[in-house]
Amino acid sequence: MGRLSLRFVALGYLTLILIGPLAMMVWRTAEDLDGAWTAITHPDTVAAFALTLKVAAIAVSVNTVFGIVCALVIVRGNIPGRGLLNAFIDLPLALSPVIVGFSLIALYGVNGWFGWFQRNGFEILFATPGIVLATIFVTLPFVAREVVPTLREIGTEQEQAAQTLGASGWQTFWRITLPSIRWAVVYGVVLTTARAIGEFGAVALVSGNIAGQTQTATLRVEDAYQFAYGNYAPAYGISFVLAATAILILVLMIVLQPKGARR
Amino acid sequence: MSISIRHITKRFDDFVALDDVSVDVGKGSLTALLGPSGSGKSTLLRIVAGLEAADHGAVFIDGQDVTARPPQKRGVGFVFQHYAAFKHMTVHDNIAFGLAIRKRPKAEIAERVNQLLRLVQLEGLAKRYPSQLSGGQRQRMGLARALAIDPAVLLLDEPFGALDARVRAELRDWLRRLHDETHTTTVIVTHDQEEAMEVADQVAVMSEGQIEQVGSPREVYEQPANAFVMTFVGQAHRLGDTFVRPHDLEVTLEPNGSTREVMIDRIVHFGFDVRLDLVGGDGERLSVQTTRDQAELLELVSGQIVYVRPMRATTFS
C-alpha cells in the first residue's frame, strides 16, 4: 500500500513536471503538421540545426578529451592544486549561462583582454567561435564528473598489473584505463551532447542571432516564438525536433549500454 | 634469477616503512616475507617490482642493478591480493596481455595461453570474464597472467589473503608444486606464519620495517633470533625471562620443585591434538598442546588443578 502510493506520487510528479509540457508540445505540433513541416524545412532552420550540430560536435570532442584528462589529474594526479581543479570544474554548473555569455563578450570584445582577435578581423563574438566557446564553457563538467567516481572505484591495481606486464603508460591508458571508464565516458558524452544542443542563454548573448548564419536551433525556436504573430506552428515544430533529438540520444545510450554496466 | 635487496629505506611522510633492509633471495628459491600488517613486507615487494620507489638503497635482479628501472623493464611477474583482473577482458585476453604487448605472433600467443590455462587448471574457461570466476579461479588466472611473460622473478603480494581457508590451503599446495616444476625464483608476502612455513624454503621475518631473521622455516621456528620471532612464528608463552612453546610444557598431576600450579579452564579437542587452556594463580593464562592419549592417560577434566613445567625454554638476552 505504502509502496503503491509512493509509486503513484513519483509517477504523478513526473507526469506533471516532465511529460505534461512535452505532451502538450507534441499535441500542438500535430495540430498543424503542415505549418510545422514548412518551418522545419526552411533553409534558415536547416542552417540553425547544422550550426547546432557542428558546435555540439566540437564542444563534445574538446570536453571529452579535457574531461578525461581532468578526471585523471583529480583522481591520480600528484600535483598541488588538484583540489582547486576539482572545485573549479563545477563552476559552469553554478554559474548562470547568461553570465557566461556576458563575460565572454567582456573578454573578447574590442576592449577586452583578448580583444585583439575581434579588432583584427578574427571574429570570435557574433560568430561560430564565440558560440563554440560559450558551449564548451557550459558543458565543461559533465564528462569529468562522470569519470571521476569511476576512476576512483577501479583503483590503480589493474594499471599497475599492466605495467608489470610490460605496458607503457600510453598502452596502459588505451588498453586498461579507457576501457574501464568507457561507460562513464559515454554517459558524460551523452549529457554533454544534450546540454550542448539545448544551450540557450550563453549562446544567445555571444552569437548575434543572425538567421541562417549565427542562429542555433534553440535561438531559432525563441525567434519563432517572439515573432509568431499568432502562428505558433513553427515554434512547436522546431521544438519538437530538438526534443526528439535529445530523447533519441538518451534512448540510444540505454540501448547501447550492456546490462549491468551501470548500477 | 636471484634477487638482492640492499639497504632499502622507505618513508611515507613521517612513517618509516622500511629501515635499511637487506635480504638475499637465491636463484630458484621460494622465499616468504612474513610479518604483521604494517611491518613493511608489501612495500618491500612493491619496491622490488618497481611499483614503489625506495628513498635509499638498491635492488639487484640477477646481479643487475634495477633500482632506476620502471616496472615494465624489470621482468617481474606480480600477483596482487585482490587479483587486479582486467575486468573488461576474457580470461584468455587477461593471460595473453603481456604477450600481446610484446607483439608476439597470434599462433604463439594462443599456444602459450592454452599451455598456461592447463597449468592453472582453467581449461574451458578461456572465454569467461573475471566476474564469472570464483576468487580462487581469479587468482589462478592472475598467476597465469604473471607467468605468461616468463618473468625472471615471481612476486606474490598476499595472494591468498582474500580467499576462504579451504581454497587458501589448496592454492598453497598448488603453488608449492608449481614452484617445484618451474623453479621460478619466487617471493611471497604473507602475514600467515602457517602459510610461510608450509610453502617457503626461506622465511624472512619482518617487523616495523626491519628484518628480524632470515632462515629456513625450521630455523626460524626452532632457533628464533629474538623474542619477536619466537612469538610471531608459532605460539609462545612468556614465563618470566624465558619463552616456551605450548608443546614444550609438560603437565603433571603432582607438584615437583620447578612446576607451577595451574587450573584447567578448558579442554579443546582437535582430533589427535588437544589444547589445554590454563589459568595460573596470578590470573596468567597459558595454553598447552598435548595429545589425546596423554590427556586421557592423566584423566584431565576442566576445573582440575594440575602442574606444568617447561621441558624446553628459550631465553633472549
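## Helix packing in chain A

In this predicted model, helices α3(A) and α11(A) cross in the right-handed sense. Helix α3 of chain A covers residues 43-76. Its axis lies 9 Å from that of α11(A), and the two pack at an angle of about 145 degrees.

From α3(A), the contact draws on A:Thr52, A:Val55, A:Ala56, A:Ala59, A:Val60, A:Asn63, A:Thr64, A:Gly67 and A:Ile68. From α11(A), the partners are A:Val185, A:Gly188, A:Val189, A:Thr192, A:Thr193, A:Ala196 and A:Ile197. By class, this contact of α3(A) with α11(A) has nine nonpolar and seven polar residues, and no charged ones.

## Where chain A meets chain B

Chain A puts 15 residues into the contact, and chain B puts in 18 residues. On the side of chain A, the elements giving two or more residues are α10 (157-164) and α11 (169-198). Helix α10(A) supplies the largest share, seven residues. The class count for this side of chain A is six nonpolar, eight polar and one charged.

## Chain B overall

Chain B has 317 residues, and 39% of them count as buried. Its secondary structure comes to nine helices and 18 strands. The C-alpha trace spans about 75 × 45 × 35 Å along its principal axes.

Contacts in chain B with a separation of 6 or more were also sorted by sequence distance. Of these, 63% come from residues 24 or more positions apart.

One open sheet of chain B has four strands in the order β2-β1-β4-β5, with antiparallel pairing. Strands β2 (15-25) and β5 of chain B are the edges, and each pairs on one side only. Strand β1(B) covers residues 3-12, and β4(B) covers residues 56-61. Five bridges join these two antiparallel strands. Across this pair, B:Ile3 stands opposite B:Ile61.

Helix α1(B), residues 41-49, packs on the sheet. This helix touches β1, β2 and β4 of chain B. Its direction makes about 120 degrees with that of β1(B).

## The loop at B:Pro70

B:Pro70 sits in the loop between β5 (64-65) and β6 (76-79) of chain B. B:Ala53 is 17 residues away in sequence, and the C-alpha to C-alpha distance between B:Pro70 and B:Ala53 is 9.4 Å.

Strand β3(B), residues 30-34, is mostly covered, with five of its five residues buried. In a regular strand, side chains alternate between the two faces of the sheet. In β3(B), B:Leu30, B:Ala32 and B:Leu34 point one way. B:Thr31 and B:Leu33 point the other way, and both sets are buried.

Which strands pair with β3(B) in the parallel sense? One is β8(B), residues 185-190, joined to β3(B) by five bridges. Another is β9(B), residues 202-207, which pairs with β3(B) over four bridges. B:Thr31 has a bridge partner in each strand: B:Val187 in β8(B) and B:Gln202 in β9(B).

## Helices α2 and α3 of chain B

Helix α2(B) (residues 91-101) and helix α3(B) (residues 106-119) have axes that come within 10 Å and cross at roughly 130 degrees. That angle makes α2(B) oblique to α3(B). The crossing is right-handed.

On the α2(B) side, the contact residues are B:His92, B:Ile95, B:Ala96, B:Leu99 and B:Ala100. They meet B:Ile109, B:Arg112, B:Val113 and B:Leu116 of α3(B). The residues of this contact divide into seven nonpolar, one polar and one charged.

## Two hairpins through β15(B)

Strand β14(B), residues 260-270, pairs with β15(B), residues 273-280, in the antiparallel sense over eight bridges. B:Val262 has B:Gly280 as its bridge partner in β15(B). These strands form a hairpin with two residues between them. In the turn, B:Gly271 has a positive phi of about 70 degrees.

Strand β15(B) is also joined to β16(B), residues 285-291, by seven bridges, and the two run antiparallel. B:Leu278 stands opposite B:Leu286 in β16(B). This hairpin has four residues between the strands, and B:Gly283 takes a positive phi near 85 degrees.

Methods:
Residues are numbered from 1 along each chain as its sequence is written. Chains are lettered from A and ligands numbered from 1 in the order in which they are written. This is a predicted model: local features need pLDDT of at least 70, side-chain atom pairs count only at pLDDT 80 or more; totals for chains, interfaces and linings use all residues. Axes are lines fitted to C-alpha atoms, for helices over the stretch in contact, and angles run from 0 to 180 degrees between N-to-C directions. Angles under 35 degrees count as roughly parallel, over 145 as roughly antiparallel, 65 to 115 as roughly perpendicular and the rest as oblique. A crossing is left-handed if the near helix is turned anticlockwise from the far one by less than a right angle, and right-handed if clockwise. Two residues are in contact if their C-beta atoms, placed from the backbone, lie within 7 Å. Ala, Val, Leu, Ile, Met, Phe, Trp, Tyr, Cys and Pro count as nonpolar, Asp, Glu, Lys and Arg as charged, and the others, Gly among them, as polar. A residue is buried if 20 or more other C-beta atoms lie within 10 Å of its own, exposed if 12 or fewer, and partly exposed in between; C-beta atoms are placed from the backbone. Two strands pair if DSSP finds at least two bridges between them.
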